[in-house]
Amino acid sequence: MAHHNTDIHGDCAPQDTLSSSSYWQMGAAWLCLHIFEHYRYTEDENFLDEYLPYAREAALFFEDTLISNSRGELIVSPTSSPENCYHLPNGEVGNLCAGTSMDSQILYELFSGLIESKKISEEERERYENIVKNLPPIKLDSGGAICEWTEPWEEVDKGHRHISHLFALYPGTQIDFSDKTLTLAAEKTLLRRLENGGGHTGWSRAWIINLWARLRKGERAWDDIKKYFEISVLPNLFDNHPPFQIDGNFGTTAAMAEMLIQSHNGRIVFFPALPKEWKSGSATGLVTKGKITADLKWNGEKGEVVLKTEKGKTVFIEGIGETALVKGENKFTVNVR
C-alpha cells in the first residue's frame with residue numbers, strides 16, 4: 001500500500017503530519033489505473049502481461065480491507081477526501097472518516113479494469129464483479145451536486161483546490177456524458193468549487209479544464225485555459241503551484257487534447273469541446289484508445305479528421321455510428337460545432 005506521498009528511498013509509510021492527507025490508502029490503486037489506460041491506447045499485450053500482477057495485488061489489498069457500512073456498501077476505512085474537511089450535523093469538524101466518494105470511484109476503475117482485461121480467472125471475475133456491485137453509488141446532495149463523502153456532509157472549504165469527488169468524470173469514466181443526471185450534477189459540483197474560489201493553483205486549474213472538456217463545455221474550458229496562463233504559469237512556462245508542479249503543465253496539454261478528440265466508454269468523439277475562439281487550427285499525432293492515430297484540422301464550421309490504424313477494425317464514432325476502419329488512413333469530414 002502506498003499513501004499520498006513517498007520519498008527518494010521509496011518509503012511507503014505515511015508522510016508529513018497533516019491528517020487530511022498523510023493517511024490515504026488509495027495511492028497504489030490509482031497508480032495501477034495507468035496500466036489499464038496504457039493498454040487501452042497501445043493494445044500492448046506484453047505490457048499488460050508484465051504489469052497486470054501489480055493491479056491484482058492492489059485489488060487483493062482492498063479485498064482484504066474493505067468493510068461494509070450500515071447500508072451494506074463496501075467502503076475504505078479510515079480514509080479522507082484529500083485534503084478537505086467536513087461539518088457534522090452537530091457542528092463538529094472532521095477529516096478522517098469511513099468512506100469517501102473518491103475512494104469508491106478509484107476502486108470502480110480498478111476492479112472494472114481487471115474485469116475488462118480478460119486476463120483473470122472466472123473466479124476472480126465473479127469476486128471483482130461482486131465488489132463493484134457493492135461499492136457505494138454516486139450520491140447527490142440536496143442541491144443536486146455530487147457528495148464528497150459517502151454521507152451527505154457539508155464541505156468546510158467549498159472552494160477547495162481538490163475536486164476529489166469528480167474523479168469519476170476525469171480521469172475516470174464512471175460518469176459518462178450520456179448520463180444527463182450525473183453530468184448535470186458534476187457541472188453543479190464544479191461550479192460550486194469555482195464560485196467559492198477553487199482553481200487557485202496551477203495543477204487544480206488544469207484538472208478543471210479537463211473536467212470541462214469531459215462535460216463538453218468548450219467555452220468554459222477555454223476560459224480556464226486563459227486563466228491558467230494568466231495566473232498559474234511562471235515566466236519560464238513552469239506551472240506555478242507555487243513553487244512548481246509539472247502536473248499542471250501535463251494536465252493542461254492533456255485537456256487541450258480532450259477538447260479535440262475523446263475515446264472513452266467505447267466511442268470516439270470528434271471536437272467534443274471546441275471553443276468558438278479556436279476558429280481554425282490543426283493537431284497531428286493524437287492517439288485514441290484502440291491504437292488509432294488521429295490528425296485533425298478545422299476551419300470555421302467544418303473539420304477533417306484522418307484516423308490511421310495498423311490493422312482494420314470496427315469503431316463507434318459519435319454522430320456517424322459503427323464504422324469499419326481499414327488499415328492505413330480513413331478520412332472523415334464533419335461539422336465541428
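Is Phe250 buried or exposed, and what is its relative accessible area? Phe250 is exposed, with a relative accessible area of 55% (exposed means over 50%, buried under 20%, partly exposed in between, with a 1.4 Å probe and protein chains only). The structure is a predicted model, in which local features need pLDDT of at least 70, side-chain atom pairs count only at pLDDT 80 or more, and totals for chains, interfaces and linings use all residues. Residues are numbered from 1 along each chain as its sequence is written, and side-chain values use heavy atoms, leaving out hydrogens and water.

View 1. Phe250 belongs to helix α8 (residues 246-260); helices (H or I, at least four residues) and strands (E, at least two) are DSSP runs numbered from the N terminus. Together with Phe238, Phe244 and Ile246, Phe250 makes a nonpolar surface patch of about 380 Å². Patch residues have over 30% relative accessible area and no salt bridge, and nonpolar side chains are joined within 5 Å. A salt bridge places a side-chain nitrogen of Lys or Arg within 4 Å of a carboxyl oxygen of Asp or Glu. Accessible areas come from the Shrake-Rupley method with a 1.4 Å probe.

**View 2. Open sheet of three strands.** The strand order is β4-β3-β5, and the pairing is antiparallel; strands pair if DSSP finds at least two bridges between them. At the edges, β4 (93-94) and β5 (154-155) each pair on one side only. Strand β3 (residues 86-87) is joined to β5 by two bridges, and His87 has Glu154 as its bridge partner in β5.

**View 3. Surroundings of Ser164.** Ser164 lies in the loop between β5 and α5 (180-195). Ser164 counts as buried because its relative accessibility is 4%. Beyond its neighbours within four places in sequence, Ser164 contacts Ser81, Pro82, Met102 and Gln105, where contact means heavy atoms within 4.5 Å.

Notes: Patches are made of residues with over 30% relative accessible area and no salt bridge: like charges are joined within 9 Å, nonpolar side chains (Val, Leu, Ile, Met, Phe, Trp, Tyr) within 5 Å.
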